[in-house]
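Student: I would like to learn how to read strands, sheets and helix packing in a model. Could we go through some cases one at a time?

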Amino acid sequence: MTGTLADPATTTAREYWTRVLLTGGATPAPSWTATPRPGTAVHTEPIPRDAVAAVAAVTGVEAGAVLLAAHAAVLAALSGDTEVTAGVPARTGATPLPVCLDTARSWSALVTAAADALAGLRTHPEPDLGRLAAELGTTVPSFGTVLDPGADLRGAEIAPGALDRTGERGADPDTTTGDGPGAAGLHVAVSGGTLRLTHRLDLLDEGAAARIAGYHAAALALAAADPDAPVRPSALVGQAERDAQLGDLAGRPRDLPDRRPHELLADRAAAAPDEVVAEHAGVTLTRAELEDRAARVASTLLDAGLAPEDVVAVVCDRDLDWMVAVLAVLRAGGAYLPVEPHFPAERIARTLTRAGCRIALTTDATRAHLDEAGVATTVLTVPDAVAAADGPAPTADVPADGLAYLYFTSGSTGEPKGAMCEHAGMLNHLLAKIEDLELEPGCVVAQTAPQCFDISLWQLVAGPLAGGRTLLVEQDVILDVRRFVDTLVRSRVTVAQLVPSYLEVVLTYLEEHPTALPDLRMVSATGEALKTELVQRWFRVLPGVPLVNAYGLTETSDDTNHAVLREAPADGRVPLGAPVPGVKVYVVDTDLAPVPLGAPGEIVFSGVCVGRGYVNDPDRTAAAFGSDPHRPGERLYRSGDHGRWRPDGQLEFLGRRDNQVKIRGFRIEIGEIENALLAVPGVRDACVVVATTAGGPQLVAYHAGDGPDAPEVRTRLARSLPAYMVPPTVHRLDPLPVTANGKIDRKTLTAHATAAAAQAAVAGSASAGPTGGELTAAQRRVVDAVTRVLDLPAGSVGPDDDFADLGGSSLSAVKLVIALGRAVTVRQVLDRPVLADLAGLLPADRR
């Protein structure tokens, strides 16, 4: 409720409650306990009576309104929502009724709104809210807390912190019956000068109840101190809680060795020169061979004029030359910039130009892609750079805060952002991986991530750093899940990291084709939210293999949190884990002040993990990076992610605050796609949303104007965007819907996209072929397989349907290949998405 209701004296009961119901809202009870159990407990504490009286005097309202305002502020702080709903009885002992308040205002304005709400409750007879809500086509606002301000402020004092227990040993019927206030998770009552919190023990422990009581007292004190000040959730946090959040909860320290990752690898090479350190497509490198080649390439780079922290683009496929090039750049004191050779030439050119790159390393197989970009750089192939060196170069003197690498991520302005990270942050992350993934001598780490994905770097280096080796898995093997699983077995892989969408593909295969993986010791998931259902399935199939949920951002030297799961979480929520040593994590409000424990806030990072910002991009650097107000001299990064602390000290992810999304592990700025769409001739307005489809989340583009048809739009987008950023579905919709303030209505378009995907799924008919006749055997087989893979209704798919339009993605294409017994390839599915065409590719003996 953004303002007050109409004057209670002139508003009818029906009008009043209609407005309440249409305001809506739902505020759950707060939750904070590591050991939920049945029963209830009571925490009592004196309230600052002088503060209540002072606020009442300033605002001219009754004390009950002051208490209601304080309660609303506490609920807002704990829920992260400025608009809250509480249950309040019109008189003590009566059935609580919903009261909705907007706390985004000053204390005095909030107190006035609370007074109006209480007056409305008392003026109007108690209605049948359920019947009225049904007539209005809405629901009764729900509330998880009840406040009973009491008839007055007189009463006996109760000792601070007194705790009464109820539940199995005797429940208070006034607070625990299903018909009374006890039906809520938290009941707050006031009698005289005492605040009494009755709370369910499955939601709140005694310490949390005492903390919430303290928030009420703090709110009253703040309102009295400055009634015109804005209500701020973080202001309720006391000094002890603040110190705890900024101390051990934020993360433990780590003393880093004064060595760089490439120097530690050189130490390993000197100790075990003949040990195999890497393998790709059956070809291996020993530590001595890797060290010698990297040193020679480093020498050639220095001879070419490489200065400290000069950016070197590495434009290679994921092979042994790529590994040599990466270590050579680090050894020479340069900054490694990975470039996917198959990206559009325009994007490669923009990336190299933004980074100020003057030197590029490539191979004969990938040089043509670099040449097509047309950027004036010194281009060296890795084999030629090895051959050109007179001998290995001595390792450059690289400081801990020297620039190690840059990764470009999608940018909302249309320009990619190049996140710069330093050697100390890189080493801290590698050590965390070695510790939490239990990497040790003899381990085999599968390198599977694309070069432009920051997790590719630790996958490349951490195994050798721990005394093991790296297995670079070919891309065609990854796209064939049977071959991928066979590779895990044959190569005795001990650790792998996969995005959850591909992990689901692997898990589906293992469910259908049980396979022993005796050497696999740990699997990590990252890049997307890890769902509880997938974790439960994992431990049903591989109960002895821990699953590590890893969380972090490119700007923070990759993963900052690890949750090592050895069983599915009992509460159904998959945590992000605690911060790894050396990293500091805060959950804060817009002023960078810690919010109450358990409350939603922005996740921000401090410490050695935080990079320098975005290369040659001061404006976007200033928007996301700054100084840590809690630790002078440290950098701080604002992630834009929202999360909250859990009682077990782990972080929980709640979502993004902006239009950035992750699909199949790739971080995508919606704005970058929209800017590319607006550059298409004839497109006047553009909006890109994420639709929920049977095949998983899918980008859907909308445009208004006289632009080309959907295939041509996608073709034009593919010229400047990577394939994973090109929406498979494009709609012309003129005009685009807008909100009341004239902005494009993303919620409406998201609903439209999801509905359109569902309609596309049922538009086809499995009963007729392309000419109206019966399906051929091959068509029937493909249609049935697609129906199963995309989990579509039976009879909803026809041979004329397009796999992508039905919600198919590259990962669901992998599933389809499996369902068809590998009679076709993933590339054929993607190149021939019309199901009738795909059916024509089936061998005669497989139809």
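Student: Which residue is the bridge partner of Ala686 in β34?

Tutor: This is a predicted model. In general, the strands of a sheet pair through backbone hydrogen bonds, either parallel or antiparallel. Here the partner of Ala686 in β34 is His703. The pairing of β33 with strand β34 (residues 696-705) is antiparallel and covers 10 bridges.

Student: What is the strand order of the open sheet with 3 strands?

Tutor: The order is β33-β34-β35, and the pairing is mixed. At the edges are β33 (683-693) and β35 (729-732), each of which pairs on one side only. From one strand to the next, the twist averages 25°.

Student: Which helix lies across β33 and β34?

Tutor: That is helix α22 (residues 670-678), which runs at about 140° to β33.

Student: How many residues of strand β22 are buried?

Tutor: In β22 (residues 547-553), 7 of the 7 residues are buried, so the strand is largely enclosed by the rest of the structure. Leu547, Asn549, Tyr551 and Leu553 point one way from β22, while Val548, Ala550 and Gly552 point the other way, and all of them are buried.

Student: Do β21 and β22 run parallel or antiparallel, and how many bridges join them?

Tutor: Strand β21 (residues 522-525) and β22 run parallel, joined by 3 bridges. Within this pair, Val523 stands opposite Leu547 of β22.

Student: What describes the packing of two helices?

Tutor: Two packed helices are described by the angle between their axes and the distance between the axes. For helix α9 (residues 261-271) and helix α15 (residues 423-436), the angle is about 55° and the axes are 9 Å apart. That angle makes α9 oblique to α15.

Student: Which residues make the contact between α9 and α15?

Tutor: From α9 come Pro261, His262 and Leu264, and from α15 come His423, Met426, Leu427 and Leu430. Sorted by class, this contact has 5 nonpolar, 2 polar and no charged residues.

Student: How many helices and strands are there in the protein, and what percentage of the residues is buried?

Tutor: The protein has 28 helices and 35 strands. Of its 847 residues, 57% are buried. The protein exposes about 32,900 Å², with carbon and sulfur atoms supplying 52% of that area.

Student: What percentage of the contacts joins residues at least 24 apart in sequence?

Tutor: Among contacts between residues at least 6 apart in sequence, 71% join residues at least 24 apart.

How values were computed
Residues are numbered from 1 along each chain as its sequence is written. This is a predicted model: local features need pLDDT of at least 70, side-chain atom pairs count only at pLDDT 80 or more; totals for chains, interfaces and linings use all residues. Side-chain values use heavy atoms; hydrogens and water are left out. Axes are lines fitted to C-alpha atoms, for helices over the stretch in contact, and angles run from 0 to 180 degrees between N-to-C directions. Helices (H or I, at least four residues) and strands (E, at least two) are DSSP runs, numbered from the N terminus. Angles under 35 degrees count as roughly parallel, over 145 as roughly antiparallel, 65 to 115 as roughly perpendicular and the rest as oblique. Contact means heavy atoms within 4.5 Å. Ala, Val, Leu, Ile, Met, Phe, Trp, Tyr, Cys and Pro count as nonpolar, Asp, Glu, Lys and Arg as charged, and the others, Gly among them, as polar. Buried means under 20% relative accessible area, exposed over 50%, partly exposed in between (1.4 Å probe, protein chains only). Accessible areas come from the Shrake-Rupley method with a 1.4 Å probe; for residues, only the protein chains shown count as cover. Two strands pair if DSSP finds at least two bridges between them.
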